[in-house]
Amino acid sequence: MEKTWNNKAWFMVLPVLVLVAFSAVIPLMTVVNYSVQDTFGNNEFFWAGTDWYVQVLTSDRFWDALTRNLIFSAIILAIEIPLGIIIALNMPKKGLGVPVCLVLMALPLLIPWNVVGTIWQVFGRVDIGLLGRTLEGMGINYNYVQNPVAAWVTLIVMDVWHWTSLVVLLCYAGLVSIPDAYYQAAKIDGASRWSVFRYIQLPKMKRVLLIAFLLRFMDSFMIYTEPFVVTGGGPGNSTTFLSIDLVKTAIGQFDLGPAAALSIIYFLIILLLSWIFYTVMTTSDAQG
Amino acid sequence: MARINLEHIRHAYGAKPKSENDYALKEVHHEWNDGGAYALLGPSGCGKTTLLNIISGLINPSEGRILFDGKDVTHLSTQERNIAQVFQFPVIYDTMTVYDNLAFPLRNRHVPEAEVDRRVKETIEMIGLGGWAKKTARGLTADQKQKISLGRGLVRNDVSAILFDEPLTVIDPEMKWVLRSQIKRLHKQFGFTMVYVTHDQTEALTFADKVVVMYDGQIVQIGTPAELFERPRHTFVGYFIGSPGMNVLPVNLDGNTATVGGEHVALNFLPKVKAGAKTELGIRPEFVSIGREGMPVAITKVEDIGRHKIVRARFADQPISIIVDEDGEIPADPRVRFDPKAINIYADSWRVGEEA
């Protein structure tokens, strides 16, 4: 088909361009602007080139925080995705149980992040918290304020509690879209429970799982509020993730240059990893 | 292959059926011959799929027993009954190749791999997907997918029966014909017992040796296509089979004369009718002839469908359809005659025989 060029068409996309410019491009460019300059106050800026990037990328602080982020996301995904699938598989398909389960599942998702943090902060306290006191009473050394392992466990359990529902709901939506005939055919073909899962349910959930995986990865990689409320990045730096580190640099120390450079790097890492996951998962989809 | 006996089967989807109307399937008592090709024909919601699922074991009947070759299988699962079933929408395992799809039911039954390979290759040729073995099933067309569903049944060459639940619904019209002849050929060649559910009379009549017509949860007639056409046992069968369906006219009977409005139709037998029954006369449009002699009709519409013409008319103030040859003449003052051999008499919708 022959294409006709009409420059008036640009006016049609203009509103969107303006919106995107104000919501994304301009703020991002401001950050880019800060990241290549230095300032000593008085709104005077000096060209710094890639200095801040080099400084960030060669600092142990950055690599440590990044490693913590990656480990945290990996653990979260390794628990939430399988757990979400298992719960979704065992949810009722019809009857009164369906709305009850759905509401119960949706509840944690409706609670604001900082409230979730506060709930667990209080829940885990050794002096007054239900969980903290119980564990203490059982003779388990649990104190997330002092013990890095306890801090990590608290954050992971909290995130699992908060976000597994999302995976469950997405998987459940995928599962209920499978017509009964598939299960009946599988019965007739003599398929085992595992085969039904492997060849019917999993392929049908693939798309929603991809979405769940990406959402959970991006969210957990950007996690800020809950660890900030519960541990404040401690004990020591043991739960200081990139986002917490970033805020400390930008607001705590007012190092605008390094903070801007860190933001850009952070953004690019998430973009890159999400793109890799997406590509790998969709190509395996096309071949599979 | 098996002979299937249904003994006093009834089924209700609700837990405690109170009246006869709570049953989706009213009493069915019937024997299906080994190696027979049966079609279950009826409108949507008449209970044909319920009956099929009871045979396959996907549903347990509320009452009654099912026997395969004389053995009670009522409480056995689908697998234990060794049934194959093809569904309305093609069910395939997306992520597997065509070959693996066909091998799946065999591998689940732990058939040795060499035997699997032999049978799968045989079946792939049978269903005409020879060149497609290594392709992923996802990319296939609807009719190819449906062939795979069928193939998964055929590959198990020891199945008791193959059941079809409106298998051609999503298939393009020209492929319907091809697939149907293929199923028919496979039946002739291998003698599987086949039960085919459909609401399409052409499909039922061309596929089956015996057509089972269902209406409102019960079997109203079982017969060869010719029997259904010539001697419909119930007015529903008359309406449902044939295009257009049988003309059913309310009549008053007096001995061997039937009176419609002011017109008298002579019968060649003496119908046996209980007093007080609602009596009707049924005659197929093919057996009504139009000409200058007979009883007067008023023509309302003539539909020319190519092969022949369908005349819609009013006879004694009742609508009636008449089939006229393509070059048949329709006079200005039309009159009709009924072929006495083709007249059926119904009392309360059921066909009545001759007075002994």
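Guide: Here is a short tour of the contacts between the chains and then of the backbone. This is a predicted model, where local features need pLDDT of at least 70, side-chain atom pairs count only at pLDDT 80 or more, and totals for chains, interfaces and linings use all residues. Residues are numbered from 1 along each chain as its sequence is written, while chains are lettered from A and ligands numbered from 1 in the order in which they are written.

Visitor: How many residues of chain A are in contact with chain B?

Guide: Interface size is often given as the accessible area lost when the parts come together. Here we count contacts (C-beta atoms, placed from the backbone, within 7 Å): 15 residues of chain A meet 18 of chain B.

Visitor: Which element supplies the largest share of chain A's side?

Guide: That's α8(A), with 6 residues. Both α8 (180-188) and α9 (193-221) of chain A supply at least two residues each; helices are DSSP runs (H or I, at least four residues) and strands likewise (E, at least two), numbered from the N terminus.

Visitor: And the backbone: which peptide bond is cis?

Guide: Most peptide bonds are trans, and most residues other than glycine have a negative phi. The bond from Ser243(B) to Pro244(B) is cis, with omega near -5°, and Pro244(B) sits in the loop between α9 (235-240) and β11 (247-250) of chain B.

Visitor: Where is Asp69(B)?

Guide: Asp69(B) lies in the loop between β4 (63-68) and β5 (71-72) of chain B, and has a positive phi of about 50° though not a glycine.

Conventions. Contact = placed C-beta atoms within 7 Å.
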